[in-house]
Structures are given as C-alpha cells and as structure tokens.
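Today I opened a new structure and kept notes as I went. Come along and look with me.

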Amino acid sequence: MEELNDQYLQRRKKLDDLKAQNVDPYPNKFVATFNSVRIRQQFGHLQQEAEDPTVVVLAGRIMTMRLMGKACFANLKDASGRIQIYVRKDKIGETEYALFKTLDMGDIIGVEGMVFCTRTGELTIMVQKFTLLSKALRPLPEKWHGLKDIETRYRQRYVDLIANDEVADIFRVRSKAIKTMRRILDEKDFLEVETPMMQPLAGGAAAKPFITHHNALDIDLYLRIAPELYLKRLIVGGLERVYEINRNFRNEGISTRHNPEFTMIELYQAYADYNQVMDLCRELITAVVKECTGKLEVEYQGNNLSFDGDWKRMTLLEAVKEYAGVDFITPKTMGETKKIATDLNVQFTDQDTQYKIINTIFEECVEKKLVQPTFICDYPTELSPLAKNAKGNPDIVERFELFIGAQELANAYSELNDPLEQRKRMEQQLKQRERGDEEAQMLDEDYLRALEHGMPPCGGLGIGIDRLIMVITNSASIRDVILFPQMRPENV
RNA sequence: GGGCCGUUAGCUCAAUGGUAGAGCAGAUCCCUCUUAAGGAUAAGGUUGGAGGUUCGAGUCCUCUACGGCCCA
C-alpha cells in the first residue's frame with residue numbers, strides 16, 4: 001500500500017470518531033424513494049422559492065459542499081445525475097448538524113426532505129434527516145477539472161466514473177447499442193447463444209491466440225479468436241438463425257484501436273447470402289446510430305459521417321484503384337505487382353502471393369481513406385478460407401467488409417458449406433502455417449465432420465462492438481469505450 | 001520493435017542550471033440562498049526510480065519503470 005497522506009489520516013480519524021459516537025459508517029441498506037432525475041421530472045415545475053410538501057428520500061455521493069456557518073449546500077451524485085441539497089442547523093438540530101459538518105466530499109449519504117426551488121432557481125432538497133451510508137477514506141479529484149491523468153483514468157476507472165460525469169454516458173450508450181441489436185435480432189427470430197471461449201483449436205479468424213491450460217484434462221486450450229466455427233455448427237444443427245455477443249481474444253499489440261480482448265457480435269442466417277447479410281448489417285448499425293444519437297449523422301474525429309440512405313459499395317480492386325491509384329482490375333504480373341508495392345512503400349515478403357500484396361496495399365493505402373460507411377466486396381479466396389466462391393469465379397469469394405471512420409467495423413460472407421472445398425482450403429491454410437504464417441488457420445476435423453452432415457446455404461456477419469461504440473461516441477481510443485482496458489500492471 | 005512527448009503536493013497545473021510555487025482538496029476560525037460560494041490563518045514535496053555531469057539539477061546526460069501519440 002502506498003504511503004498514507006494527511007487527508008487519508010484525517011478521514012481515518014473521523015471514521016474512528018464516528019464509531020466512538022456509535023454511528024455506523026457502513027450500514028447495510030437504505031431505501032430511497034427517488035433519484036435525482038425523478039426529482040427533476042416530478043418537481044421541475046416549481047417556481048423560485050416555491051416548495052412541495054412531498055417527502056423524498058434519495059441517496060448519493062457528496063460531490064461538493066458549500067458550508068456557511070449554520071447552513072450548508074451540497075451536491076449529491078447518483079446514477080441518474082446530480083441534485084443539490086440544503087442542510088440547516090435549525091432544521092436538523094444541533095447534534096445532527098455537528099455530525100453533518102464532519103462529512104467529507106466523497107462520502108455517500110442518504111437524505112430525506114422536501115423539494116424546493118432556491119432564489120436562484122435551482123431545485124434543491126431541504127434536508128430533514130440524513131444518514132451516512134459509506135465513509136470515503138480517499139479524497140476526490142479536483143472538483144472543477146475532474147480527473148485528467150489518462151493512466152489513472154484507465155487504471156482506476158471507479159475514480160474516473162465518480163469524477164467525470166461524461167464517462168458513464170459512453171457506457172450507457174454502449175449498453176443501449178447492444179440492447180438495440182438484441183432487440184432487432186430477437187424480432188427477426190434469431191436465437192442468442194453462447195459458444196466456448198476456451199477452444200482446443202483457435203479457428204474462425206486469422207490471429208494469434210492466447211494459450212491456457214486445463215489441469216484436470218491436462219490439455220492446452222486456446223482463448224477463442226472468433227466464435228465462427230461453433231456458430232456454424234449450430235447452423236448445421238438446424239438452429240437456422242443464431243447470434244452471440246461476447247469477447248474475442250487476440251494475442252497481438254495494443255493500440256488506440258486494439259485491445260487484447262474485444263467484443264464482437266457474430267450472427268449466422270441460414271438460406272441467406274452475403275447480400276442479405278449486408279442489408280441486415282446496415283439495418284443493425286443504422287438502428288444503433290439512430291437509437292443512440294437520435295440522428296443518422298455522426299461527428300467522428302473531425303469528420304461528419306452520414307448513415308442515411310444507401311452506403312457506398314465497391315470491390316476491393318475498385319477501392320485500390322480509386323484510393324491507391326493503382327489498377328489491378330486489368331491483370332498484372334507478379335513482377336509488376338511487386339514494383340507497384342515498392343513504389344507505394346508497401347512491404348512484402350517473397351512468400352507473399354499477388355493477392356496478399358494487393359491486400360497489404362489496401363490495408364496501408366486505402367483503409368485510412370474509407371471514412372464514410374463503405375462496403376468493400378469481393379475478396380480473394382486465398383485470404384478468405386471460410387467464405388464461398390462467387391458463382392463461376394474460384395479466385396473471388398462472396399465477402400464484404402464494412403469500413404467506417406477509416407476502421408474495419410464488420411466482416412461478412414456467404415459461408416462456405418462444401419465440405420470437400422472447405423477441407424482443401426483448410427489444408428492450404430495448414431501448409432501456410434507450416435511455412436511459418438502464425439495467423440494461418442488450423443485444420444478443424446470436427447468442423448469438417450459437421451459440414452459433411454450438410455450446412456444449409458448461410459450468410460454470416462461479425463461486427464466489432466467496441467469500434468462501433470467509438471464511432472457513435474466520437475471516441476479516439478478503444479480504451480475510452482472499454483471500462484477496464486488492458487494495461488501493464490502497476491506497482492501498487 | 002523504432003521515434004517523439006509526458007511523469008512535480010491527494011487532484012489540476014507553474015517554475016532561464018541558482019531558496020520548488022499557485023488553485024482546488026485537507027486543517028483551524030468567521031459566515032443561514034450557495035452553486036468552481038466567500039473571507040482569514042497555518043500546514044502540506046525523496047520533483048516516477050537509479051546513476052552521472054556541475055560549485056549547484058525538477059531543469060543537462062545515461063539507464064530504467066509507467067503512460068500517451070505516431071510509425072512498423
């Protein structure tokens with residue numbers, strides 16, 4: 001434990017004094033009849049200096065105190081907002097008032113009293129009785145500037161939430177966004193399911209997994225990088241429409257847009273293809289934007305994003321042509337491709353295929369320009385081992401990714417349901433893995449067995465929830481939309 | 001992994017290489033419509049850590065920890 005400062009010691013002394021006076025500083029419960037927002041709703045009409053005889057009871061944390069001799073104004077904060085209280089010696093009596101004066105900012109109290117409106121027009125509770133509900137031993141951050149230090153804000157999110165009112169708003173939006181998606185999918189008869197987080201094979205995406213160990217079984221398990229292969233097993237099983245909202249884990253770097261654990265919604269719809277999934281994707285995101293912001297325009301990091309109407313749709317090669325200025329629609333030789341990449345300062349290895357290099361050009365030169373919602377379609381087969389080929393074109397799959405604010409937000413395809421083709425693709429992946437590509441996928445025999453039982457045609461979609469929340473809350477860093485982002489451990 | 005920036009009182013921030021300061025919070029006192037309440041007094045620091053240069057280091061150098069931003 002760090003060294004105790006003067007303020008901590010002061011509060012410890014007050015705590016001891018309270019106990020000596022038989023005041024319980026941590027009582028078991030308190031029944032409130034109101035919260036701050038309901039008080040505003042019910043009594044907001046009160047004119048200046050008017051009062052209402054209704055007795056209200058509410059609880060909250062003392063955020064500010066203005067002590068004036070025999071009377072004190074304070075502000076309480078609860079989950080719904082802040083409300084002013086007014087405590088007067090002549091109303092609560094000498095002993096109680098003396099006790100009130102020993103309270104500190106940060107203490108949690110319950111109050112009972114009547115609502116009135118001050119001369120300056122602020123709705124206030126005239127306290128008749130108060131109860132200490134929890135003594136705070138640590139001081140609050142600066143009341144005007146709040147808690148600014150980014151490291152402390154992430155490490156001690158509880159202090160961040162107490163001191164900076166707008167932080168909770170982000171997480172209310174997050175909750176609302178997820179509820180909206182659930183509601184829409186439930187209306188469409190999707191079944192919400194839970195599939196393993198610990199998997200014997202980490203499949204469904206190109207990413208490095210975390211490894212853990214099960215002692216009783218004495219086997220290594222991977223934290224999942226995606227739920228895809230399990231959800232599609234459920235499609236084989238006949239559930240037809242399933243979705244899961246949960247964490248994925250990827251053992252990669254941490255940045256403003258990557259957290260090792262992040263939240264995805266994945267959904268699969270039997271008998272649909274990627275075009276239908278594209279409509280569903282747009283419907284979901286549009287509804288979330290509308291529900292959370294009230295409009296279809298969003299200000300994101302200096303750009304005005306419009307979610308109204310149809311969203312731009314282009315193929316990968318069209319996007320590379322338009323935004324990187326290089327035309328791969330007319331076929332190029334490998335030599336030409338490498339020269340173009342070199343000219344664009346895009347790095348590649350000798351083992352990279354042509355499409356791999358084009359994809360890298362896309363990632364480096366195009367993604368950052370995809371600010372407005374844009375569907376990129378028709379990905380190369382070799383980079384999409386779980387997606388179904390476009391009709392009559394073995395090089396291209398029916399797949400799209402959605403980009404918003406220069407970030408990949410969603411990924412979807414018509415799911416590959418040909419078990420023999422899938423085996424071939426997984427064997428190719430395995431070869432790449434053996435050549436040292438750590439992100440190439442593993443061969444999952446049980447998944448192939450499932451496909452051999454017959455999976456209906458199916459469209460699948462994954463949406464990165466954290467990034468979606470970043471967009472609708474105009475957050476620059478993924479850490480601002482994750483309550484407890486991953487940090488290097490501190491020395492406490 | 002590389003580059004740049006940051007780390008000073010509980011919090012928010014100052015301080016040409018020359019006595020580490022302010023506001024808020026805390027303490028004591030005054031104050032019954034304040035709201036960043038006000039007034040008075042006193043107190044609060046191993047300047048992230050370890051070395052080095054210097055008569056003298058918060059400031060310059062090296063290493064290191066943590067964080068931020070950018071690049072890979």
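I began with a crossing: α7 passes α9 in a right-handed way, meaning the near helix is turned clockwise from the far one by less than a right angle. Helices here are DSSP runs of H or I with at least four residues, strands are E runs of at least two, and both are numbered from the N terminus.

I noted that this is a predicted model, where local features need pLDDT of at least 70, side-chain atom pairs count only at pLDDT 80 or more, and totals for chains, interfaces and linings use all residues. Residues are numbered from 1 along each chain as its sequence is written, chains are lettered from A and ligands numbered from 1 in the order in which they are written, and side-chain values use heavy atoms, without hydrogens and water.

Next I looked up who makes the contact (heavy atoms within 4.5 Å). Val173, Lys176 and Ala177 are among the residues from α7, and Leu280, Glu283 and Leu284 are among those from α9.

Then I turned to RNA strand B.

A base oxygen of RNA strand B lies 3.1 Å from a side-chain N or O atom of Arg88, and a base oxygen is 3.0 Å from a polar backbone atom of Arg119.

Which element gives the most to the surface near RNA strand B? I found that α5 does, with four residues.

Definitions and conventions:
A polar contact is a pair of N or O atoms within 3.5 Å; within protein, one must be able to donate a hydrogen and the other to accept it, and residues adjacent in sequence count only if both atoms are side-chain atoms.
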